[in-house]
Each structure stands twice: as structure tokens, then as C-alpha cells.
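Opening my notebook on this one. I'll jot down what I looked up, in the order I got curious.

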Amino acid sequence: MNPLVRFAPVAATVVLDDCDEVLMVRRHRFATDTWNGEIPSGMVEDGESLETAAARAVEEETGWRVAAVAPLACVPRTARLTRTPHRGPRTPARFPARWHRW
């Protein structure tokens with residue numbers, strides 16, 4: 001029998017400004033000893049909606065308050081190895097974004 005890993009749901013947020021630029025958080029990852037650009041994210045607390053968790057994560061990690069939150073995609077972690085519930089839309093929406101180099 002293969003063990004299953006149980007993860008709490010996570011809300012990750014793509015924050016766009018008026019110019020469609022994406023807000024990124026710069027973080028140091030100790031395991032790889034590298035600095036990475038990541039989108040704000042956080043675990044969904046018991047009884048909390050994905051939208052509320054997404055807005056909370058942005059404010060906690062950046063100090064910014066988002067004006068509106070809309071579901072974009074639901075991405076399971078590793079298929080068939082976790083029991084993470086699928087919450088939210090299953091197909092990604094299209095949105096304009098530009099990649100930025102650090």
C-alpha cells in the first residue's frame with residue numbers, strides 16, 4: 001500500500017496592477033540557498049473561503065490590500081498521491097501578463 005500525504009488547501013494569488021504587472025514576493029529558500037520570485041500564497045484556515053484566504057495572504061505577505069478576488073484555476077498538487085480536495089474552477093482563465101527578469 002502506498003502512503004498518501006494530506007495537505008491543507010493553499011490559496012495562491014496573482015495580483016495585477018493597472019498596467020497588468022504581477023506582484024511578486026522575493027523569498028530566500030534555505031533548502032536550495034536561492035532567492036526566488038513567488039506569488040503571495042497561504043494555507044486556507046478552517047471555515048475560510050479560498051477568496052478570503054487569498055486576500056489575507058496578499059496583505060500578510062506584502063501589506064497590500066486587494067480590491068477584488070476572482071478564482072483563476074484550481075491546481076491539484078500531485079495527482080493520485082494526495083487527498084487534497086478540489087475547490088474552485090478546474091479550467092484556467094486567460095489573462096494578460098508580462099514576465100519580468102530580476
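**Entry: the hairpin**

I started with β2 and β3, which form a hairpin with four residues between them, and D33 in that turn has a positive phi of about 50°. My elements are DSSP runs numbered from the N terminus: helices are H or I with at least four residues, strands are E with at least two. The model is predicted, so local features need pLDDT of at least 70 and side-chain atom pairs count only at pLDDT 80 or more, while totals for chains, interfaces and linings use all residues. Residues are numbered from 1 along each chain as its sequence is written, and side-chain values use heavy atoms, leaving out hydrogens and water.

In which sense do β2 and β3 pair? I get antiparallel, over five bridges, with β3 covering residues 34-38; strands pair if DSSP finds at least two bridges between them.

Most residues other than glycine have a negative phi. D33 lies in the loop between β2 and β3. Is D33 buried or exposed? It counts as exposed because its relative accessibility is 58%; the cut-offs are under 20% relative accessible area for buried, over 50% for exposed and partly exposed in between, with a 1.4 Å probe and protein chains only.

D20 isn't a glycine either, and its phi is positive at about 60°. I found D20 in the loop between β1 and β2. Its relative accessible area is 32%, so D20 is partly exposed.

**Entry: T13**

Next I checked T13, in the loop between β1 (10-12) and β2 (25-29). T13 counts as buried because its relative accessibility is 9%. What does T13 touch, leaving aside neighbours within four places in sequence? I list I39, P40, A54 and V58, where contact means heavy atoms within 4.5 Å. A polar atom of the T13 side chain lies 3.3 Å from the backbone oxygen of A54.

**Entry: whole chain**

Then I zoomed out. The protein chain has one helix and four strands, and along the sequence they read β-β-β-β-α. Of its 102 residues, 20% are buried. For contacts between residues at least 6 apart in sequence, I noted that 51% join residues at least 24 apart. The chain exposes about 8300 Å², with carbon and sulfur atoms supplying 54% of that; areas come from the Shrake-Rupley method with a 1.4 Å probe.

How values were computed
Polar contact = N/O pair within 3.5 Å; in protein donor to acceptor, adjacent residues only side chain to side chain.
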